[in-house]
Amino acid sequence: MRAFTALAVAMAKGFVRDRMTVFFTVLFPIFFIVVFGFVFAGNGSSRQTVIAVGSVPVVDQLPSDARAGIDDVLELRHSDDLEAALQQVRSGDVAAAVEQRGQTIELHYSQTDQVAAATVRGVFGSLVNSANLAATGQPPTYTITSSQVEDTSLKAIQFIAPGMIAYGVAVGATFGAAMTLISWRDKRVMRRLQLAPVSTWSVVLSRVVVSLVVALVQLAIFIGVSMLPGLGLKLTSSWWMSVPLVLAGTLSFLAIGLFVGAVCKTAEGGSGLANLITLPMSFLSGAFIPLQVAPAWISVAAKLLPLGYLVAGLQDVMVRGQGPSAALLPIGILLAFTVVVTAVSTKLFRWDAV
């Protein structure tokens, strides 16, 4: 127990004194939480700009409540110059230009931005259908109502915070394990520990415990920062399941760090390989780019990577309002990944650098 305590204290001091490690595991994710949280604060769906050329009665004569609904998705500008309006559409400055000749509404759009084109076509198609129904004097047979499934007060920070928490945990565990192993082996500390009356389990367990404690501190700091005024993270009732999720995620990335430390002989090589693993994984797992707007192949890749399950699990229990059971599958997959990678890393592990 004395050996375990001494090793744990030494590893904890090494973490605190390594400024680069502290920066990338704590300050770097906080930077993204604050910047992304403020940049995207209050941003819901983006409004598309449409130029109304001349008089467009189908829009101008809308009732005030209907016009307010249109203004939620479109920013309407007016112009009498059709050619200038079309040039703005071609250059991508506006989504579309609309003109009305008698009973014909002509919409000019560019297919370069398919999302904007679909939005304006859908809005004006709905307007024309409504106008046709009104002209017949017959009430519509069917009506539709819609509602948002999430709390309407959700902000961008609700989706930014879980991704940054997962990223910080992944970087901290991977680099912590890899750099400690490489540094201690290079300085022959590992050989001295092998010859000393210290069990291998004491060395391994001390590294695991320190990493788990650091991960919990990261979780507390990141949640605390995200809940500051101006960011306003709101946790759902099952948020506490983020604790076992983070612990399982830490173990899986400790296993990756052990693998990096086992195959790399120098600190430079270990840092490069750790970056090569964690950085692409962050983009492919939804930590930086929401999978809802990512290409389909990225969503598939996220299901093959441990960070994808950590991000998805944290989002489910922290912001999506799902119950504790939503975290069970990600935790199981992360622990299974830990077992497999640890077994491989153990086979590759060497006490000496040569």
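Guide: This is a predicted model, and we can begin with its sheet. Four strands make up an open sheet in the order 2-1-3-4, with mixed pairing.

Visitor: What makes strand 2 and strand 4 the edges of the sheet?

Guide: Strand 2 (74-79) and strand 4 each have a single partner strand, so one side of each is left without a neighbour in the sheet. On average, neighbouring strands here are turned by 25 degrees against each other, direction ignored.

Visitor: How do you know that strand 1 and strand 3 are paired, and in which sense?

Guide: Two strands pair if there are at least two bridges between them. Strand 1 (residues 48-53) and strand 3 share 3 bridges, so they pass, and they pair in the parallel sense. As one example, Ala 52 has Val 98 in strand 3 as its bridge partner.

Visitor: And how many bridges join strand 3 to strand 4, and in which direction do they run?

Guide: There are 6 bridges between strand 3 (residues 96-101) and strand 4 (residues 104-109), and the two run antiparallel. Ala 96 stands opposite Tyr 109 in strand 4. The two strands form a hairpin with 2 residues between them, and in that turn Gly 102 has a positive phi of about 65 degrees.

Visitor: Let us turn to charged side chains. Why is the contact of Arg 101 and Glu 106 called a salt bridge?

Guide: The rule asks for a side-chain nitrogen of Lys or Arg within 4 Å of a carboxyl oxygen of Asp or Glu. For Arg 101 and Glu 106 the N to O distance is 2.8 Å, so the pair qualifies. Glu 106 is partly exposed, at 31% relative accessibility. Glu 99, Arg 101 and Glu 106 are linked in a network of salt bridges.

Visitor: What makes Arg 77 and Glu 75 a salt bridge?

Guide: Their closest N and O atoms are 3.5 Å apart, which is within 4 Å, so this pair counts too. Arg 77 has a relative accessible area of 38% and Glu 75 has a relative accessibility of 30%. Buried needs a value under 20% and exposed one over 50%, so both residues are partly exposed.

Visitor: In the salt bridge of Arg 320 and Asp 316, which residue is buried and which is partly exposed?

Guide: Asp 316 is at 13%, under the 20% limit, so it counts as buried. Arg 320 is at 36%, so it counts as partly exposed. Their side chains meet at 2.9 Å, N to O. By this rule the count comes to 4 salt bridges.

Visitor: What makes Gln 218 buried?

Guide: The relative accessibility of Gln 218 is 2%, under 20%, so Gln 218 is buried. Gln 218 lies in helix 9 and, not counting residues up to four places away in sequence, touches Thr 25, Val 26, Gly 168 and Val 169.

Visitor: Which residues touch the most other members of the largest nonpolar core?

Guide: Of its 52 residues, those are Ile 165, Phe 253, Leu 307, Leu 310, Leu 314 and Met 318. Helix 7 gives this core its largest share, 15 residues. Apart from it lies another core, of 16 residues, among them Ala 52, Val 58, Val 59 and Ala 116.

Visitor: What does Leu 310 contact?

Guide: Beyond its neighbours within four places in sequence, Leu 310 is in contact with Ala 166, Val 169, Leu 245, Val 246, Gly 249, Phe 253 and Leu 334.

Key. Residues numbered from 1 in each chain as written. Predicted model: local features only at pLDDT ≥ 70, side-chain atom pairs only at ≥ 80, totals over all residues. Heavy atoms only, no water. Buried < 20%, exposed > 50% of the residue type's maximum accessible area, 1.4 Å probe, protein only. Axes fitted to C-alpha atoms, helices over the stretch in contact; angles between N-to-C directions. Core = buried A, V, L, I, M, F, W, Y, C linked by side-chain atoms within 4.5 Å. Contact = heavy atoms within 4.5 Å.
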